[in-house]
Amino acid sequence: MASVLTLAPQTACASARGAESIEWPDVVATVHKQMRSLVGPTRDLEDLTQIALEQVSRSIDRFEGRARLSTFMYRVCVNVAHNHWRSWRRWLARVETWGDRSYDDPSALDPGASPSEDLLALERRRRLHAALETLSPVKRLTLTLVDLEELSVADAAEILECGEPTVRSRLAVARRELYERLCRDPLFSKKEER
């Protein structure tokens with residue numbers, strides 16, 4: 001694969017400034033970051049990132065430049081994540097799962113924290129991702145894009161290909177469902193501060 005992706009100009013404005021070049025390592029880093037924000041630190045993260053990168057490289061020539069390139073890549077990542085969750089839920093309906101996911105991410109730990117604080121932070125993150133996984137894929141994507149990735153409602157609507165009111169509605173429902181689940185968890189409830 002080439003180390004530089006070249007986007008052909010599509011509009012008169014883009015023609016004036018010429019083709020835009022994007023370094024492939026930047027695309028890889030962006031897609032990996034976006035996919036991690038959508039699916040979390042799962043064992044499937046690298047495979048899903050690879051699938052998303054393949055789709056970006058195959059469809060980059062259809063990118064019209066009407067939106068930011070990061071929005072285009074987010075849309076690809078959302079489609080890959082959504083397809084993964086649908087197939088995963090179908091598989092779970094037929095097969096009993098064995099084992100647990102690994103949520104250990106040393107880069108996310110506070111270097112000045114004690115081992116017990118690190119352990120508590122890892123467990124809270126694991127439980128948060130488990131609670132996120134109970135949401136429907138559409139609600140989870142909406143919540144992840146707006147609350148965790150801090151994108152605007154307009155950007156999320158463009159990525160999810162729906163209207164802003166729909167995003168706001170899904171977001172409100174997803175927040176409420178996640179809040180209800182986390183309130184039942186002792187690590188997130190106020191009773192934990194004993």
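**Entry 1: a pocket**

I looked up which helix gives the most to the lining of the second largest pocket, and I found α4, with 5 residues. Here a pocket is an open set of points on a 1 Å grid over the protein atoms alone, where a 1.4 Å probe fits, with protein on both sides within 12 Å along at least five of seven lines; lining residues have an atom within 4 Å of a point. I noted that α4 and α7 each supply at least two residues of this lining.

For the volume I wrote down about 310 Å³, which is the space filled by probe spheres set on grid points joined across faces, edges and corners. Which of the 14 lining residues are the closest to the centre? They are Phe63, Ala67, Phe72, Arg75 and Glu158. Sorted by class, I have 5 nonpolar, 3 polar and 6 charged residues. Ala, Val, Leu, Ile, Met, Phe, Trp, Tyr, Cys and Pro count as nonpolar, Asp, Glu, Lys and Arg as charged, and the others, Gly among them, as polar.

**Entry 2: what I am reading**

Residues are numbered from 1 along each chain as its sequence is written, and side-chain values use heavy atoms, with hydrogens and water left out.

**Entry 3: confidence**

The chain averages a pLDDT (the predictor's confidence in each residue, from 0 to 100) of 77, and 74% of the residues score at least 70. I found the lowest confidence in α1 (residues 12–17), at a mean of 32, and the highest in α8, at 93. Residues 6–19 have pLDDT below 50, with 16 contacts (heavy atoms within 4.5 Å) beyond near neighbours in sequence. Residues 94–104 also stay under 50. Where pLDDT is low, the predicted coordinates should not be read in detail.

**Entry 4: fold and core**

I counted 8 helices and 2 strands, taken as DSSP runs numbered from the N terminus (helices H or I, at least four residues; strands E, at least two). Along the sequence they read β-α-β-α-α-α-α-α-α-α.

Of its 42 residues, Val27, Val31, Met35, Leu38, Val39 and Leu145 touch the most other members. Again α4 gives the most, with 10 residues. Buried residues (under 20% relative accessible area, 1.4 Å probe, protein chains only) make up 38% of the 194 in the chain.

How values were computed:
This is a predicted model: local features need pLDDT of at least 70, side-chain atom pairs count only at pLDDT 80 or more; totals for chains, interfaces and linings use all residues. A nonpolar core is a set of buried Ala, Val, Leu, Ile, Met, Phe, Trp, Tyr and Cys residues joined through side-chain atoms within 4.5 Å. Buried means under 20% relative accessible area, exposed over 50%, partly exposed in between (1.4 Å probe, protein chains only).
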